[in-house]
Amino acid sequence: MEVFIQQVVSGLATGGIYAALALALVMIYQATDVVNFAQGEMAMFATYICWSMLNAGVPYWGAFLGTLVLAFLGGIVVERVVIRPVENAPILSIVIVTLGLLVIFNSVAGWIWTYVQKPFPSPFPSKPLKAGNVFFSAHDIGEIVVTLLVLLCIWLFFKFTPLGLAMRAAAHNPVSSRLVGIRVGWMLALGWGLAAVFGAVAGMMIAPVLTLEPNLMGGVQIYAFAGATLGGFTSPGGAVLGGFIVGVVENLVGTYVSFIGTELKFTVALAMIIVVLLVKPTGLFGISVVKRV
Amino acid sequence: MMSRGTRLVVVLLALAVACALPFTLSNFRLFQFTQVYIYAIAILGLNMLTGYNGQFSLGHGAFYAIGAYISAIMMDRWNVHYGWTIPVAGVLCLVVGFLFGLPALRLEGLYLALATFSLALAVPQILKYFEHWTGGSQGLVLSKPSAPFGLPLNPDQWLYFVTLAVLVVLFWLGANLLRGRVGRAIVAIRDNHIAAEAMGVNSALYKSLTFGVSAAYTGVAGALSASAIAYVAPDSFNVFLSITLLIGSVIGGLASISGAIFGAFFIQFVPNWAQDISKAAPWAIFGVFLIVFMYVMPFGIAGAIRLLWIRARRSRVAQVPESRETAPTQAPTSS
């Protein structure tokens, strides 16, 4: 039983990471109908920036916040400079452009910081927390708290601020939004910026567990895909829940199904994606979009 | 568009040059050209699916890996002659691709991209898992085939000719397939699948079959690569292989047959030059090319050549006013 609870909690911790990245993917998907294949690599890049700041002697939370600001600006720049020219191109072109971004971020990170694995500090104490006779790693609990805080902030932002409302409007109905004076293009860019922020949070929280290297986010991204698919690409809340579910399932399957272990982790994610897409392509909470042809 | 005669002349000239290469190049260079032909076959498979049929695949490296491993396992475990492993790999990949194409029918656009991308990520793990067959992360070491009948060729030269022959046959078959009735149906599904169905095209069947044939081409390429490199290992079939194939396809020209060859040259030789700058440079350059091509040359090198050819024809026609009626006025969709 203790093992079970421990595994569920650590599953929730990694699930939070997947949830943050899945939310980033869904935000961009909702606004622009694009899945950003470079989301994970952008997050990895942001994590390296944080690492450089830490190395230069910046205290952890200062570097954390600094990275979030830079990630936000970076996301906006990427949308403005790289994505905007192909905004109205066929989906295939946009997917290819985001794949281009993926390999650029990956290789530039390798170029600057080399492919050697780097330890990344955790801001939380290394002493495990004890509840009853179950031990939890402090980093896991901290991860969950940080993720939940970020999700709460973003929910408040979208629900109660005029800018959040404008961003939702721009994603929901660009034409009418433009008519009431919302600058739709900039709203999309802000969406990319926010998505980059979620990615950066995910990256900085997972890096202490996985150690930092240019391929840090490959595995995380496939699970974020699975989470977003499970919850539904059209439902931000669903994607977050999907991310948590995927994290827990991943951990439990890895612990209790012996023939899978950790060696077939990606295959589990692949199977989840394919099963969801076959059984309920819109995901648990998604709505099917009816198109007029 | 080039006339039939001109095209035939170009193809024959290229073939003549290709046949002369083994006797002028070093073995290493020759091996690189063999690799180009192998990539070209795989990219043609991808072009059929993504370019002509409009189905995304970000995971064609998976079929390449399956082809390579089928060939390698047959040679390693059962001592089958390499020549037999190539058609077997093709047929098995056809079946696997067809089966993967069935659920893919339900996935449109982005979702198919997601599913195939995850497939590409999962492949090395799956290969390592079946250690008994695949040799795990150590891979399988094979021996290079040598020339039969006492031909005066070294193994590299022989492999080059085998690959070239397979390439010619597969391109000839592919061109006939894509330029005929089946090809028109495949393109019609891409352009408007409802209209295509209204005209009596069995969209589900054609889409799965295209997936199968595309996988077969890529599988054959994988099988050839197993012999050419004489070694297979899971980590050489990672997600970057799939992206490499897609890059070749995009740079060469997605919906074109000749584009597969241009793309193959690009992905084989550009990293070699870029390697001199930095270990990471090839991928940075790939990425930049990918994005820039999407902006300025969405039809790839083949598309650009076609456009130049048409312009050249037009300016020539413009100098001779009486033949203006016969001037081509619009860009064709296939080369």
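In this report a helix is a DSSP run (H or I) of at least four residues, numbered from the N terminus, and in that sense B:Val91 belongs to helix 4 (residues 82–104) of chain B. The structure is a predicted model, and every value below is computed from it.

A:Ala226, by contrast, has a relative accessibility of 3% and counts as buried. A:Ala226 sits in helix 9 (residues 218–231) of chain A, and once its neighbours within four places in sequence are set aside, its contacts are A:Val246, A:Ala269 and A:Ile273.

A polar atom of the B:Thr244 side chain lies 2.5 Å from the backbone oxygen of B:Phe240. Beyond the residues within four places in sequence, B:Thr244 is in contact with B:Ile267, B:Trp283 and B:Phe286.

## The nonpolar cores

The largest nonpolar core has 202 residues, and within it A:Phe37 and B:Phe237 touch the most other members. Helix 8 (residues 184–210) of chain A provides the largest share of this core, with 18 residues. The surroundings of A:Phe37 draw on both chains: not counting residues up to four places away in sequence, A:Phe37 touches A:Val95, A:Thr98, A:Leu99, A:Leu102, A:Gln221 and A:Phe225 in chain A, together with B:Leu58, B:Ala113, B:Leu114 and B:Phe117 in chain B. Another core, of 5 residues, lies apart from the largest one, and its members include A:Val9, A:Val134, A:Phe136 and A:Ile144.

## The interface of chain A and chain B

How many residues of each chain are in contact with the other? On the chain A side there are 48, and they are in contact with 39 residues of chain B. Between them the two chains bury about 3,800 Å², of which 81% is on carbon and sulfur atoms. In chain A, the residues that lose the most area to chain B are A:Leu92, A:Ile96 and A:Trp111, which together account for 15% of what that side buries.

As for polar links, the count of salt bridges between chain A and chain B is 0, while 2 residue pairs are found in polar contact across the interface, both at pLDDT 80 or more. On the side of chain A that touches chain B, at least two residues each come from helix 3 (60–83), helix 4 (91–113), helix 9 and helix 11 (265–279) of chain A. Helix 4 of chain A supplies the largest share of that side, 16 residues. Sorted by class, the side of chain A that touches chain B consists of 34 nonpolar, 11 polar and 3 charged residues.

## Salt bridges

Over all chains, a search of the whole structure finds 5 salt bridges.

| Residue pair | N to O distance |
|---|---|
| B:Asp76 and B:Arg77 | 3.2 Å |
| B:Asp235 and B:Lys128 | 3.2 Å |
| B:Arg190 and B:Asp191 | 3.0 Å |

The pair B:Asp235 and B:Lys128, joined in a salt bridge, ties together parts that are 107 residues apart in sequence, because B:Asp235 lies in the loop between strand 2 (231–232) and helix 11 (239–252) of chain B, whereas B:Lys128 lies in helix 5 (residues 109–129) of chain B. B:Asp235 is partly exposed, at a relative accessible area of 47%, and B:Lys128 is also partly exposed, at 33% relative accessibility.

In the salt bridge of B:Asp76 with B:Arg77, B:Asp76 is partly exposed, with a relative accessible area of 33%, and B:Arg77, at 35% relative accessibility, is partly exposed too. Where B:Arg190 and B:Asp191 meet through their side chains, B:Arg190 counts as partly exposed at 28% relative accessibility, whereas B:Asp191, at 53%, counts as exposed.

Terms used: Residues are numbered from 1 along each chain as its sequence is written. Chains are lettered from A and ligands numbered from 1 in the order in which they are written. This is a predicted model: local features need pLDDT of at least 70, side-chain atom pairs count only at pLDDT 80 or more; totals for chains, interfaces and linings use all residues. Side-chain values use heavy atoms; hydrogens and water are left out. A salt bridge is a side-chain nitrogen of Lys or Arg within 4 Å of a carboxyl oxygen of Asp or Glu. Buried means under 20% relative accessible area, exposed over 50%, partly exposed in between (1.4 Å probe, protein chains only). Contact means heavy atoms within 4.5 Å. Buried area is the accessible area (1.4 Å probe) that two parts lose on being put together, summed over both. A polar contact is a pair of N or O atoms within 3.5 Å; within protein, one must be able to donate a hydrogen and the other to accept it, and residues adjacent in sequence count only if both atoms are side-chain atoms. Ala, Val, Leu, Ile, Met, Phe, Trp, Tyr, Cys and Pro count as nonpolar, Asp, Glu, Lys and Arg as charged, and the others, Gly among them, as polar. A nonpolar core is a set of buried Ala, Val, Leu, Ile, Met, Phe, Trp, Tyr and Cys residues joined through side-chain atoms within 4.5 Å.
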